[in-house]
Amino acid sequence: MRDAKQPAAPVRPFWAGTITFGLVSIPVELVAAVAPRQTSMKLVDEQGHALGRRYWCPKDERLLDNDELVRGYETESGKMVVVTEEEFASVAPEKSRDIELKRFVPVESIPPFFFDRPYFLAPDERAGKAYALLALTMAKTGKAGIGSFVMRGHEYLVAILAENGILRAHTLRHADELRTPESIGLPKPGKPDAKLASALGKAIDALAKPSIDPAELADVDAEALHRLAQQKAKAGKGVVAMQALEDVDDDGGGSAEVIDLMQALRKSLGADSGRKAAAKKSDAASEAPAKIAAAKKTVPRKSTARKTAARSAPASEPTTRGARGRRSA
């Protein structure tokens, strides 16, 4: 956890494009407005070795290789439709570097439930005074720009807002992602008792403040975990070498050794056939099913970061939303 007194490390933009509407064109860069939580931990064994992710097919009772994984679209009737890479690419949105604003609406007219992830829109060096002018005008009118843009192969709905001369972009949820009180069976509100309502209002007024205190939003769980880890590290308890850890879900190119379980089993069963007796080969073969079954729990293979991250999500999380299931912003 970073010390609040220490200056924040510079954050690099991960998308660059242009805000467009009418004849207006303003180049901008997208920067994440939130930082990931610091409570995430890696799954390791007792010696601190990172564990890899494998996929088990219960029908065939065997582990699957990455090249055997494909996407599946679950229909409303519960049927699973296999979608090939070519078919998925054919319905993907056209690549674009524009945030195309289609309309402007009052900021208060957007229900809070629609807001998803926040970003800052930083002015490109070519933006000149246009960026500041747009931010000033939008803040003065209290309007938000509504549009869409494509990022990482997915099209997002977006709301552009202005505050203190800075433009913010909030990706928006689609209408069919939101539940209504009726859809989850909430009862209709009845008429409250006047005396109870008055007493409750006084209790609320007693705790009322003019604004929220950021200190009240501190992540208590993360701070407690951080203190625990620091205390154990200082005492030298449970500390393992960092080079032994490998994040299998990271996008960075890992250099961990790749071990193919099936190949290792075949080798253990057949590579020494010229040196071992037939009885020993038979015993080794009889142990193979137990090794494969145990793989469901022990995850004996380390996977490279790029390959695991690229192929794991589609198979582990079948979605009813098709291309929208690839949301990764």
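Is Glu61 buried or exposed? This is a predicted model, and in it Glu61 is exposed, with a relative accessible area of 58%. The cut-off for exposed is over 50%, so Glu61 qualifies.

**Positive phi values**

Most residues other than glycine have a negative phi. Glu61 has a positive phi although it is not a glycine. Arg152, also a residue other than glycine, has a positive phi too.

| Residue | Phi | Source of the value |
|---|---|---|
| Glu61 | about 55° | non-glycine residue |
| Arg152 | near 55° | non-glycine residue |

Glu61 is found in the loop between β3 (55-57) and β4 (62-64). Arg152 lies in the loop between β9 and β10.

Strands β5 (residues 71-74) and β6 (residues 80-83) pair in the antiparallel sense, over 4 bridges. Glu74 has Met80 of β6 as its bridge partner.

**Nonpolar cores**

In soluble globular proteins, nonpolar side chains tend to be buried together. Here the largest nonpolar core has 22 residues. Touching the most other members are Ile19, Leu30, Ile99, Leu121, Phe149, Ile160 and Leu167. Elements that each supply at least two residues of this core include β1 (15-21), β2 (24-32), α2 (130-141) and β11 (166-172). Another core lies apart from it, with 7 residues, among them Val105, Ile110, Leu161 and Leu172.

Take Leu30. Leaving aside neighbours within four places in sequence, its contacts include Pro13, Trp15, Tyr119, Leu121, Phe149, Met151 and Ala169.

Terms used
Residues numbered from 1 in each chain as written. Predicted model: local features only at pLDDT ≥ 70, side-chain atom pairs only at ≥ 80, totals over all residues. Heavy atoms only, no water. Pairing = 2+ DSSP bridges. Core = buried A, V, L, I, M, F, W, Y, C linked by side-chain atoms within 4.5 Å. Buried < 20%, exposed > 50% of the residue type's maximum accessible area, 1.4 Å probe, protein only. Contact = heavy atoms within 4.5 Å.
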